[in-house]
Amino acid sequence: MQRVSTDLACKDCGSTVTSSDRFCPACGTPNSSSKFHPNFGPTVKRFEPKIVSDLAEPGSPSCPRCHRLIERPDEFCRACGMELGPAWARYQRVHILHTWRQNNRWTMARYQSAQPMGVALQVILFLGISVATVVGIVDCWLLARSNGTLRTGPSSAALLQTRDAAEVVAAGLVIVGGLVLVSWMRRAYGNLPALAVGDLRFSSWVVAGWLVPGINLIRPKQIMDDLWRASHPLAPPFSSSWRLGPGPVWGHIWWWGLLLGSAIGLAGHTLIATNAARSVSEPADLQVGLFVSGLASFLLAIAAMALLVLVQQVGDRQDERAHLVESETPAAYAAEMAADQLAAELRGSMAPVFGTPVPSPLVHHGDERETYGRY
Ligand SMILES: [Zn+2]
Ligand SMILES: [Zn+2]
């Protein structure tokens, strides 16, 4: 339907409106109690509701609730007053993705879900959490014994043996887990271009970020944060707006837990090793060593748990985004809209337009909407 220009304005913001608009497209004010008034001529006295079924052509931008055609720069639906931000974002997404697919039909990077690798990593992390917890508990036990309590159970030598074995297993898990983690990050980061994400800053840093001394104290966390943010299913395609969002809380827990746990663990390990060699000549030092090592074990276990959650979240977000990027086509948009309209028509819930004046004998009757005023 072609909108007719009538000289009407919104009383609140002064925007031009038409007689069939139930809400102001600029400020969302409803057209009740004669809020919309003619720019010229006397104010209309009588108002009666009029039902219009004002459907947009499938494929053209439309209000998701009442399916009326929407036009730039409308911020509110003229028929039902719905805020149009998400509707515009979606319409734009469909078209940007369509153009992108058309232009890159042959060179498009393929999306490969990071989930299988993520599951392998999660299994390793789960084992790591178990081992770190065992080390932490044994440390606490030995610490209690050095204070003269908790004498029951296995001998201290057996506990120390368990602890050594657990540390060997932990070292193996750290090496294998580290390799799998870096591979997973490469896969997940490599997916971003296929997920229509632009403005990537660390493409060449995913592996190097772990290796370059100094930089590896912060870069892996930045990459993980970017992975999490950029994989947001609804982040607009090829916009850098994804960078503005907050990073994941789990990212902080993972990274600072890992750094702090590693540093403390290294110190504790050295203390215990030196004191064991000196056959517990200074029990106070051994106690400090055990305490520090136990603390480190629990910190590392928490860090591993946070990483486990992050890996799951990033994998889920990427899968969801991949599905969206694939399914948001103009054809799908139009089909969905047609189905919605049909459903709405069957329900009989097309947006009624109230507040338009009754036809006047002085206005030509050819067009129903040209009913405004006696001027
Ligand atoms: Zn207004
Ligand atoms: Zn609407």
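What geometry do the four donor atoms give the site of the zinc ion (ligand 1)? The site is tetrahedral, with angles of 104 to 114° among the donor atoms. The model is predicted, so local features need pLDDT of at least 70 and side-chain atom pairs count only at pLDDT 80 or more, whereas totals for chains, interfaces and linings use all residues. Residues are numbered from 1 along each chain as its sequence is written, chains are lettered from A and ligands numbered from 1 in the order in which they are written, and side-chain values use heavy atoms, with hydrogens and water left out.

**Zinc site**

- The SG atoms of Cys-10, Cys-13, Cys-24 and Cys-27 coordinate the zinc ion (ligand 1) at 2.3 Å; donors are N, O and S atoms within 2.8 Å of the metal (3.2 Å for Na, K and Ca), and sites may look incomplete because water is not among the atoms.
- Along the chain, the donors follow the spacing C-x2-C-x10-C-x2-C.
- Four donors count as tetrahedral if all angles lie between 85 and 135 degrees.
- Ideal angles for four tetrahedral donors are 109.5 degrees.
- Cys-24 is buried at 0% relative accessible area, while Cys-27 is partly exposed at 30%; buried means under 20%, exposed over 50% and partly exposed in between (1.4 Å probe, protein chains only).

**Salt bridges**

- The whole structure holds ten salt bridges, each being a side-chain nitrogen of Lys or Arg within 4 Å of a carboxyl oxygen of Asp or Glu.
- In one of them, Arg-90 pairs with Glu-336, and the closest N and O atoms are 3.0 Å apart.
- This pair links distant parts of the chain, 246 residues apart: Arg-90 lies in helix H1 (residues 85–103) and Glu-336 in helix H8 (residues 330–347); helices (H or I, at least four residues) are DSSP runs numbered from the N terminus.
- Arg-90 is partly exposed, at 21% relative accessible area, and Glu-336 is also partly exposed, at 37%.
- A network of salt bridges links Arg-90, Arg-93, Glu-328 and Glu-336.
- Arg-163 forms a salt bridge with Asp-139, with 2.4 Å between the closest N and O atoms.
- Because Arg-163 lies in helix H3 and Asp-139 in helix H2, this pair ties together parts that are 24 residues apart in sequence.
- Both partners are buried, Arg-163 with a relative accessible area of 3% and Asp-139 with 0%.
- Arg-163 also forms a salt bridge with Glu-167, where the closest N and O atoms are 3.5 Å apart.
- Arg-163 and Glu-167 are four residues apart in helix H3, and therefore separated by about one helical turn.
- Glu-167 is partly exposed, with a relative accessible area of 23%.

**Largest pocket**

- The largest pocket holds about 1100 Å³ of space; a pocket is an open set of points on a 1 Å grid over the protein atoms alone, where a 1.4 Å probe fits, with protein on both sides within 12 Å along at least five of seven lines, and lining residues have an atom within 4 Å of a point.
- Its volume is the space filled by probe spheres set on the points, which are joined across faces, edges and corners.
- The lining has 39 residues, and those closest to the centre are Ala-170, Val-174, Leu-258, Ser-262 and Leu-300.
- H3 gives the largest share of this lining, twelve residues.

Notes. Helices (H or I, at least four residues) and strands (E, at least two) are DSSP runs, numbered from the N terminus. Four donors count as tetrahedral if all angles lie between 85 and 135 degrees; four count as square planar and six as octahedral if opposite donors are over 155 degrees apart and all others between 65 and 115; anything else is irregular.
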